[in-house]
Amino acid sequence: MLTRVPFVRRSPLAGGRYLPLSAKLTKCYNIFMQPSLFTKIINGELPSYKIYEDELTYAFLNINPVQPGHVLVVPRQQVDKLEDLEDEDYEAVMRTVKLLMQHVRDELLTERVGLRVEGFEVPHAHVHIIPCDTEADLMSKPYEAGEDELVDMQTRLTY
């Protein structure tokens with residue numbers, strides 16, 4: 001017997017085809033997406049100042065930091081938006097964020113460590129960890145960090 005399923009959702013992940021409401025889409029890196037800058041860093045195709053990695057996450061220094069010690073935490077799986085991560089990856093990212101927030105605060109002796117989630121520049125979910133003593137520190141303009149500063153921070157913050 002043929003069952004009618006209402007096709008009401010159009011999906012870019014399925015080539016723009018209409019899909020049944022019951023279809024579960026995997027919002028992850030697939031053959032239609034180009035590898036992001038962060039995916040290339042994780043794969044070793046581009047250099048980075050890595051400070052931490054595990055099976056699900058990778059953390060490295062931002063080369064255009066808001067403050068010295070500005071870290072990016074990314075899931076290894078390329079997903080554009082943080083809220084679209086599978087639960088396991090989201091939880092792993094947030095565990096790494098908490099671990100590194102405490103580590104950055106202790107190593108750099110800052111009053112606080114701020115977080116930012118934006119995702120406008122690179123289509124790969126990521127969380128910014130920014131050491132700060134004031135709210136103004138968190139909202140400062142990015143600057144181009146020099147090699148010496150990045151190497152020094154990498155040495156101090158590698159976990």
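This briefing walks through the sheet, the aromatic pairs and the nonpolar cores of the structure above.

The model is predicted, so local features need pLDDT of at least 70 and side-chain atom pairs count only at pLDDT 80 or more, while totals for chains, interfaces and linings use all residues. Residues are numbered from 1 along each chain as its sequence is written, and side-chain values use heavy atoms, with hydrogens and water left out.

- Helices (H or I, at least four residues) and strands (E, at least two) are DSSP runs, numbered from the N terminus; two strands pair if DSSP finds at least two bridges between them.
- Three bridges join β3 to β4 (residues 57-61) in the antiparallel sense, and E53 has Y58 in β4 as its bridge partner.

**Strand β7 and its neighbours**

- β7 pairs with β5 in the antiparallel sense over three bridges, with V73 opposite V127 in β7.
- β6 and β7 also run antiparallel and are joined by five bridges; here R112 stands opposite C132 in β7.
- Six of the six residues of β7 are buried, so this strand is largely enclosed by the rest of the structure. Buried means under 20% relative accessible area, exposed over 50%, and partly exposed in between (1.4 Å probe, protein chains only).
- V127, I129 and P131 point one way from β7, whereas H128, I130 and C132 point the other way.

**Aromatic pairs**

- The structure holds three aromatic pairs. Rings of Phe, Tyr and Trp (its six-membered ring) pair if their centres lie within 6.5 Å; planes under 30 degrees apart count as stacked, over 60 as edge-to-face and the rest as tilted.
- One of them is the edge-to-face pair of F38 and F60, at 5.5 Å centre to centre and 70° between the planes.
- F38 belongs to helix α1 (residues 37-42) and F60 to strand β4, so their pair ties together parts that are 22 residues apart in sequence.
- The rings of Y58 and F60 have centres 5.9 Å apart and planes at 50°, so this pair is tilted.
- F38, Y58 and F60 form one aromatic cluster; F38 and F60 are both buried, and Y58 is buried as well.

**Nonpolar cores**

- A nonpolar core is a set of buried Ala, Val, Leu, Ile, Met, Phe, Trp, Tyr and Cys residues joined through side-chain atoms within 4.5 Å.
- The largest one has 23 residues, and those with the most contacts inside it are I51, L61, V71, V73, L100, I129 and L157.
- The elements giving two or more residues to this core are β3, β4, β5, α2 (87-108), β7 (127-132) and α4; α2 gives the most, with five residues.
- Leaving aside neighbours within four places in sequence, L100 is in contact with I51, Y52, A59, V71, V73, I129 and Y159, where contact means heavy atoms within 4.5 Å.
- There is also a second, separate core of eight residues, which includes F38, I41, L72 and V74.
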